[in-house]
Amino acid sequence: MPKISKPMRRSAPFKALLGALSLGTLSLMAQAQTSDGNSAAKEQPLASLPYTPSLDLQAMDRSVDPCEDFYQYVCGGWMEKNPVPADQSRWSVYAKMADENQRYLWGILERLASSPAAQLNASQAQMADYYAACMDEGAAERRGLQALQPLLSRIDGLSNKQELPALLAALQLASNNERLFFAFTSSQDLADSSQLIAFAMAGGISLPDRDYYLKSDAKSLKMRKAFSAHIARMFELGGSSASQAQAAAARVLALETTLARATLSRVDKRDPYKTFHKFDARGLQALTPGFDWASYQQALGVPASTRVFNVTEPAFFKALAGLLKKSSLDDIKTYLRWQTLSSQAPHLNQALVQANFEFFGQTLNGVPQLKARWKRCVELVDNQIGEALGQEFVARNFSPELKAKTQQMTEQIERAMAQRVQALEWMSPATKTRAIEKLHSIVNKIGYPDVWRDYSALEIKRDDFLGNVQRGNAFEARRQLNKIGKPLDRGEWGMTPQTVNAYYNPQMNDINFPAGVLQPPLFDTKLDDAPSYGNTGGTIGHELIHGFDDEGRQFDAKGNLKDWWAKKDGRAFEKRAACVVEQYAQYTIVDDIKINSRLTLGEDLADLGGMVLALAAWREQTATQKLAPIDGLTPEQRFFIGFGQWDCNTARPEALRVQALTNPHSPGRYRINGVAVNMPEFAQAFACKPGQKMVKEESKRCKIW
């Protein structure tokens with residue numbers, strides 16, 4: 001369930017070890033710097049968010065029979081009018097909305113950056129200085145690789161392996177990512193969600209998934225060859241000779257391949273029991289002899305008194321220990337230099353920015369054009385001081401009335417879930433009681449946090465772009481590390497308020513809907529209720545169902561990993577979930593690649609269950625209303641069209657290949673058709689007949705809730 005790079009939709013952050021269940025993933029990788037098809041001259045900041053209706057007649061293709069291909073019927077016009085922009089790997093209703101939000105935030109930051117300092121409060125001044133430093137491309141060009149030299153010099157100065165833990169800690173703080181061998185952070189204890197403990201997690205690879213290193217088909221071999229060439233090019237840009245760069249690339253690829261072989265598959269990582277292995281300090285040290293964890297913790301600022309660790313993949317850390325033992329000091333330094341250069345490249349001079357983009361953006365994801373600099377700068381402000389920017393967004397775009405309306409819809413959907421659980425024939429009374437307990441324990445977070453994050457300790461300089469990025473990384477890394485052994489803050493959010501996405505967190509047992517996702521065309525108070533209940537209602541239902549999907553159901557009402565199901569009920573659930581696995585495994589993503597329906601199961605279950613709940617909530621909302629057709633569409637048809645249009649999208653074939661390996665969400669077409677074909681209410685709404693493609697025999701329909 002990994003987190004955000006931004007939106008597709010319907011998911012959530014399963015904290016550190018599990019990643020995060022975000023609704024989806026539009027951006028490429030942390031370093032894939034892609035961009036919009038319009039030239040910078042045509043791009044202008046937005047003074048206000050544009051309005052698009054939640055049911056867009058122009059997005060439809062009414063020449064198509066909805067009973068044959070509902071997705072084409074609701075999204076055919078949208079796909080024709082919305083080709084993938086030159087700076088994107090995919091494009092969708094969510095992506096377009098996120099782009100509009102970004103342009104709006106651009107306007108805010110431009111105004112702040114050009115305002116006299118005396119007119120700004122402290123957080124506004126931070127945003128202004130960060131944005132201005134980022135936008136100074138000339139300064140980045142003049143400094144070139146010089147800005148990174150302090151870190152590179154530390155790597156060059158590594159004189160023995162005993163110094164590695166302290167050096168690794170410094171490098172990880174500066175980049176705050178898991179590509180430097182492994183990640184180390186805090187998260188909730190899976191057995192006791194009230195406790196925050198240290199987590200050591202597998203990492204160390206640069207490509208999106210371990211299979212890129214292990215598969216032997218022609219496309220994988222070609223990609224590895226291109227990756228090796230990219231590594232060599234980056235080393236040359238870093239000052240190595242051509243022969244040195246080629247040798248360095250071979251060493252990096254061999255080392256990362258070893259780490260990939262020891263890494264769990266994405267499907268295995270979806271099983272929380274496979275990523276829950278508690279060690280004390282002595283056990284952790286025994287797992288990786290030769291790597292001094294006490295020195296590493298000291299360099300990170302983690303107290304020596306820390307005694308409990310969750311090691312998500314012990315086999316990985318054993319393999320890492322073996323790798324460090326057999327690798328020469330030069331090989332380790334080469335790897336560290338690569339990871340540091342690669343992770344920082346997007347923030348350096350244009351040659352390094354472009355080289356980084358050409359592999360991670362163009363080659364890997366098929367994106368033709370680098371993002372405009374303003375987009376990259378807005379993204380960085382959002383990523384590093386996002387709640388400060390969120391205050392500006394919320395003040396202008398999220399009213400108390402909108403929050404109340406969302407809360408009402410959420411409560412209706414929760415009532416619908418309670419009714420569905422009580423009516424289940426396959427679930428025993430004891431399990432129903434515990435399910436209702438968990439349902440009533442879910443905390444609904446809507447719009448923005450009650451307490452805003454304090455960034456006052458983060459130093460930002462108007463003339464030090466890379467320094468700002470590195471200090472921002474270290475600030476967030478230390479913020480997470482400082483939680484170890486501290487009381488859990490249940491009010492914290494995993495997304496900024498301006499994010500066009502939503503999530504469920506199984507250990508917090510909360511559902512989170514940022515203000516950014518509660519705007520037209522996703523949530524539209526100007527139209528009748530049907531489209532918004534089909535869209536946002538479906539999203540709310542989707543996130544709620546994540547608490548009861550194949551992963552979320554393994555956590556109890558308090559967010560603890562605990563089997564609260566009667567064995568017979570668990571088997572009954574798995575039998576019904578197997579119907580969804582079988583259905584989605586038949587769908588083709590691109591070329592001859594089918595959906596890995598074990599990977600997408602949680603999202604597919606949430607899509608289907610969410611729509612069942614949204615329909616029940618809409619019926620409650622309109623029970624006393626006299627509904628009539630609008631624009632020639634019945635109220636029921638408008639509900640389903642609102643649902644169908646949330647995920648109108650197009651994608652590049654390269655991006656679809658990445659998605660097939662990495663994305664826990666099915667492609668948009670199947671997120672819509674795959675749900676509708678299982679709902680008899682859909683067939684009734686459009687008068688579909690047996691034998692049509694969108695009609696399943698009743699005995700073959702997948703139904704959980």
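A: Arg638 is buried, with a relative accessibility of 3%; here buried means under 20% relative accessible area, exposed over 50%, and partly exposed in between, for a 1.4 Å probe and protein chains only. The model is predicted, so local features need pLDDT of at least 70 and side-chain atom pairs count only at pLDDT 80 or more, whereas totals for chains, interfaces and linings use all residues. Residues are numbered from 1 along each chain as its sequence is written, and side-chain values use heavy atoms, with hydrogens and water left out.

The side chain of Arg638 meets that of Asp528 in a salt bridge, at 2.7 Å from N to O. This pair links distant parts of the chain, 110 residues apart: Arg638 lies in helix H23 (residues 635–644), and Asp528 in the loop between strand E8 (510–514) and helix H20 (529–545). Helices (H or I, at least four residues) and strands (E, at least two) are DSSP runs, numbered from the N terminus. Asp528 counts as partly exposed, at 23% relative accessibility. Salt bridges that share partners also join Glu387, Arg453, Glu476, Arg479, Lys483 and Glu492 into one network.

The term salt bridge denotes a side-chain nitrogen of Lys or Arg within 4 Å of a carboxyl oxygen of Asp or Glu. A search of the whole structure finds 35 of them. Among them is the bridge between Arg471 and Asp464, whose closest N and O atoms are 3.2 Å apart. Arg471 counts as partly exposed at 22% relative accessibility, whereas Asp464 is buried at 14%.
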